[in-house]
Structures are given as C-alpha cells and as structure tokens.
Amino acid sequence: MLPRIADSLSFLYLDMVRVVQDDTGVCAQIQVDAERTDLVYIPVAALSCLLLGPGVSITTPALNTLARHGTSVVSVGAGGVRAYAGILPDSLTTHWLEQQVACWSNPQQRLDVAVRMYGMRFNDTELPETVTLEQLRGLEGQRMKAFYKILAQQHGIGRFRRNYRPDQWDTQDPVNLALSAANTCLYGIVHAALLALGLSPALGFVHAGTQHAFVYDIADLYKAETTLPLAFALHNSDNPEQDARRRFRENLRLLKLLPRIVRDVQTLLTPRGMNSIDVHTDDDEPQEKHDVQMVHLWDPKTGILPAGVNYGSGNT
C-alpha cells in the first residue's frame, strides 16, 4: 500500500514497548510499573509504516499480521532518526521503485528530476529551460553562502565556513558539530521514508557513488529550513551534538516531515504532465489506486503479461 499523505496514521513511531499479537489484534504493551501493563492497540490496517525505536521488542505473529496488511516495519533511532533496517511486506507494490529506476536510467529524465530538485530548493522558482546542471550547482553554492551569512548575522557569529572533517572532529566549532549531528538525524528520517515507499536509497539523481545517494538528494531539500537554523542556534552550546539531536527530535512533531517527504518524492518521480498516485493535500480529493497483489510477467512488446498462465505452444 502506498502511504496516504492526508492520512495522519501513515507513520507511527513506538519506543520502550513490546509489540504482540493477541486475540483482538496487534497491540503495544506498555509496562507502567511492576503490577500494571497498559495495552494500546495499533490500527494496522490504517498504517503504511511502523517505526520501531529503542527499547521495542516485537513477536513473530505481530510481524506476520503487519506483513499481511502491507505495513512496512523500519528499525530506527530515538525519535525516528537514523534508520537501521527495514522489513518490507511482500504486498508492497514496486510502482515507485520502477518509476525511480525508469527516471534514473534515462539521462534526460534523470536531468529533469535533478533540475526539479534544485528548483524545490529555490522555493519552486521558475528556472530557465536552458539552465545546465553546472550552472545550477553554482547557483546553489551562492544560495548557501548567502544563507550562511544571514544566519551568522542573526546569531552574532563572525564569518562561518562549513567544515566537515571527521579526522579532526574535536577541533570543529559548535555550529559545525551541531550541523553534522542534525544532518545525520535528517538522513535517518529520509531513509525511513524511502524504505516505506519501497525505493532504492542508492539510486540518486544529484548524488552518486554511495548506497545513500538518494537519501542525500532528498535531505538537501529540507536542510535550509531544518538543520541549518537549528545548528546556528546552538553556537554557544557546550554539547552541540547531543543538543542538536534532542532539539531536532522535539521539532519533528511540528515539522510533520515524513508525510512531506513522501509527497515530494512521489512528485519528483512522476514525469512532467502525468498525475502522481496518491499525491494530494488535505484539501484535495484523495485518488485511490488499488493494485492487484499479483506477480506479473514483463514483455518488451506489451509491457506486462499476466502470470499464472501457461504460454507453451497451443496455449497462447
């Protein structure tokens, strides 16, 4: 099932609970004290993705039920940051993965997606059709340099320079340390969303050569409004890395970032002139697509053939 943007239960985060299957359904057991355990039933049929945070244990029957309902299960860090592993149900359609591969493998479509990504960073400013990727990289560099300057002036900081040096980690200033920590959290959120859609984090359109190329592509769309202001606000912190992770986790409730990531990814992977599936706002009428959960056969002439058919001589 594809995550529904207007559905507030598209993603559910749990931590410090035991997830089990009982006679009624899948529930989270919350240990209140030595003698009391509260039960919270999980609306599995309405969920697209279940995020399991620290301290969660889950039973095999519960996992089986989640799989039958097409719910993705992702193991994540505290607050939903840092995706570690994903379990995708067999019923998850490959529609968006096929869209991603089709766009990525076609040089012209890949360029179009990359250009639209840069356009989203510039708040959907209309870019000239003749603009090249090299020019876009230059414009993006200028935008970020100006943004760094504005944030530095707002917080009374001298000249700031982004410096990511893992080999000299302890020598970096608080803003750079906080920014690195917050970006790692953002990557985890994006990774979890991509897994929920059944996409490949490795097939990026701007970035390449890493298993997280697409993660970096999508994360760059939100840094200017999430991790960058947060990092500069922590320029006087004694422990900028810890403070950045905690503050980012607290802000997630306000950002509502996961549904936004899903909507933006679906829009980017839909070629111009076509309507994406299930991409709508709360004010729009949701457009449903009901896929038959069946394996098909690929054919170079017709595209798709039904499976479960004997194509031997005399049966075609």
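**Helix packing, salt bridges and buried residues**

Q: At what angle do helix α2 (residues 95-105) and helix α3 (residues 107-121) pack?
A: Two packed helices are described by the angle between their axes and by the distance between those axes. Here the axes (lines fitted to C-alpha atoms, for helices over the stretch in contact, with angles running from 0 to 180 degrees between N-to-C directions) are 5 Å apart for α2 and α3. The angle between these two helices is about 105 degrees.

Q: Is α2 roughly parallel or roughly perpendicular to α3?
A: Angles under 35 degrees count as roughly parallel, over 145 as roughly antiparallel, 65 to 115 as roughly perpendicular and the rest as oblique. The angle of about 105 degrees therefore makes α2, relative to α3, roughly perpendicular.

Q: Which residues of α3 make the contact with α2?
A: Contact means that heavy atoms lie within 4.5 Å. On the α2 side the contact is made by A102, C103, W104 and S105. On the α3 side it is made by P107, Q109, R110 and V113.

Q: What kind of model is this?
A: Residues are numbered from 1 along each chain as its sequence is written, and side-chain values use heavy atoms, with hydrogens and water left out. Local features need a pLDDT of at least 70 and side-chain atom pairs count only at pLDDT 80 or more, while totals for chains, interfaces and linings use all residues, since this is a predicted model.

Q: How many strands does the protein chain have?
A: Helices (H or I, at least four residues) and strands (E, at least two) are DSSP runs, numbered from the N terminus. Counted in this way, the protein chain has nine helices, and its number of strands is 10.

Q: What percentage of the residues of the protein chain count as buried?
A: Buried means under 20% relative accessible area, exposed means over 50%, and partly exposed lies in between (1.4 Å probe, protein chains only). Of the 316 residues of the protein chain, the share that counts as buried is 41%.

Q: How many salt bridges does the count come to?
A: Side chains of opposite charge can pair when their charged atoms come close. A salt bridge is a side-chain nitrogen of Lys or Arg within 4 Å of a carboxyl oxygen of Asp or Glu. By this rule, the number of salt bridges comes to nine.

Q: How many residues apart are D220 and R121, whose side chains meet in a salt bridge?
A: The N to O distance in this pair is 3.7 Å. The pair links distant parts of the chain, with D220 in the loop between α6 (213-219) and α7 (227-233) and R121 in helix α3, and their separation in residues is 99.

Q: What is the distance between the closest N and O atoms in the salt bridge of K223 with D220?
A: K223 counts as buried because its relative accessibility is 16%, and D220 is buried too, with a relative accessible area of 15%. In the salt bridge between K223 and D220, the closest N and O atoms are apart by 3.0 Å.

Q: With which residue does D264 form a salt bridge?
A: D264 lies in helix α9 (residues 257-268) and counts as buried because its relative accessibility is 8%. The closest N and O atoms of the bridge are 4.0 Å apart, and the partner of D264 is R260.

Q: How far apart in space are A196 and L50, C-alpha to C-alpha?
A: A196 lies in helix α5 (residues 174-197) and counts as buried because its relative accessibility is 1%. A196 and L50 are 146 residues apart in sequence, while their distance in space, C-alpha to C-alpha, is 8.9 Å.

Q: Near what value is the phi of M16?
A: Most residues other than glycine have a negative phi. M16 is in the loop between β1 (11-14) and β2 (18-21) and counts as exposed because its relative accessibility is 58%. The phi of M16 is a positive value in a residue other than glycine, near 55 degrees.
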